[in-house]
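Subject: Structure for your review

Dear colleague,

Please find below the structure that I am handing over to you. My findings follow directly after it.

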Amino acid sequence: MSGSGVGRDGVYGERPGREAPGGQGARTGRRRGRKGEQLMVPEAEFGSYYGRPVINAPTWAPLDIAGYFFLGGLAGAGSVLAAGAQETGRPVMARAMKVSSMAAISASAAALVHDLGRPERFANMLRVLRPTSPMSVGSWLLSVYGPAAGAAAVLDATGKLPRVGRAATAAAALLGPAVAAYTAVLAADTAVPAWHEAHRELPFVFTGSAAAAASGMALAVSPTAENGPAVAGAVLGTVLESAAVRRMEQRLGMVAEPYREGTGGRLMRAAKGLGVAGAAGAALFGHRSRAAAVVSGAALLAGSACTRFGVFHAGVASAKDPKYTVVPQRERLRAREQERQRAAAAAEPGA
């Protein structure tokens with residue numbers, strides 16, 4: 001029985017004249033010994049056995065789940081914008097954004113239920129509340145926010161029960177930021193490398209994207225005289241999203257590759273271009289031209305959708321390639337080992 005093998009620190013117990021099989025990306029070297037040249041194999045660099053994925057890629061349907069991410073963000077941020085418009089005397093924008101949020105959260109819930117397969121599966125998630133589970137908290141959040149957003153829109157449109165309508169508007173606005181950002185926490189709580197490693201920045205990416213989308217919707221449906229908050233929201237949301245994406249890509253290093261390459265990369269680049277163009281158009285012409293406001297709003301909406309779909313596809317791509325799982329784990333192991341060695345050296349007498 002052979003005593004050789006491949007461990008975390010390389011090959012041990014190899015016999016001369018036999019080449020250990022390396023995996024993906026393995027390299028071989030030679031050194032000269034007393035009996036001539038001898039094959040040597042440094043630390044293995046393979047991703048996994050036979051290059052197979054280490055984790056299962058998400059089986060979610062892109063249109064359902066990425067659409068769920070986008071529509072939830074549009075609804076949540078839209079409720080905040082609706083409340084602000086109502087308090088500052090912008091009735092057309094307030095009513096339009098209330099209706100938009102109700103429609104968006106309804107479509108978002110429908111997309112989620114469609115992906116689950118059976119409606120009762122969503123109801124089952126409400127049987128208990130687990131504060132440590134993003135899925136459980138998110139389910140309860142949707143179940144409270146949805147009726148509030150619906151009541152705000154219906155009561156505003158009918159003119160009935162104005163006090164209840166104002167209370168519903170305020171409740172939806174208070175819950176709106178959580179609705180816009182919680183899907184980022186939900187994604188980051190998985191083992192998918194491009195999502196999990198981005199847990200610090202992803203909520204800011206989703207929040208900025210949601211603000212840009214809601215502002216784009218407001219620009220498209222409101223008169224130019226009421227566009228002030230939408231213009232500000234478009235600029236702030238785009239800046240926040242762009243800064244968070246840039247920071248995320250810098251910090252993630254190699255794991256950020258799916259955000260720059262393939263389908264995810266193309267969508268993220270499209271999101272950046274559309275967002276910048278939409279925010280610039282809104283800032284320059286949103287107050288003066290109705291047509292420019294509509295075009296800018298459409299660009300912001302499309303850019304936000306591209307962000308959500310880009311993040312989704314980047315996550316799926318990172319799950320399929322084992323290197324995005326294995327390499328960061330090895331780097332963390334090395335860092336912990338180096339820290340342990342430094343601590344041990346510092347604890348030695350006379351150190």
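Helix 8 (residues 228–252) of this predicted model has these buried residues: A230, V231, G233, A234, G237, T238, E241, A244, V245, M248 and L252. Buried here means under 20% relative accessible area, exposed over 50%, and partly exposed in between, with a 1.4 Å probe and protein chains only. Helices (H or I, at least four residues) and strands (E, at least two) are DSSP runs numbered from the N terminus. The buried residues of helix 8 pack against helix 2 (91–116), helix 6, helix 7 (202–221), helix 9 (262–285) and helix 10 (290–320). With 25 residues, helix 8 reaches 36 Å from its first C-alpha to its last, close to the 36 Å expected at 1.5 Å a residue; the expected span is 1.5 Å times one less than the number of residues. G253 follows helix 8 and has a positive phi, near 60 degrees.

As to conventions, residues are numbered from 1 along each chain as its sequence is written, and side-chain values use heavy atoms, leaving out hydrogens and water. Because the model is predicted, local features need pLDDT of at least 70 and side-chain atom pairs count only at pLDDT 80 or more, while totals for chains, interfaces and linings use all residues.

Leaving aside neighbours within four places in sequence, Y259 is in contact (heavy atoms within 4.5 Å) with residues including W195, L202, M248 and L252.

Rings of Phe, Tyr and Trp (its six-membered ring) pair if their centres lie within 6.5 Å; planes under 30 degrees apart count as stacked, over 60 as edge-to-face and the rest as tilted. By this rule there are four aromatic pairs. W60 and W195 are stacked, 5.9 Å centre to centre with 10 degrees between the planes. This pair links distant parts of the chain, 135 residues apart: W60 lies in the loop between strand 4 (36–40) and helix 1 (62–87), and W195 in helix 6 (residues 193–196). W60 is partly exposed at 29% relative accessible area, whereas W195 is buried at 0%. Ring pairs link W60, W195 and F312 into a cluster.

The mean pLDDT (the predictor's confidence in each residue, from 0 to 100) is 84, and 84% of residues reach 70 or more. Over residues 14–37 the pLDDT is below 50.

Yours sincerely
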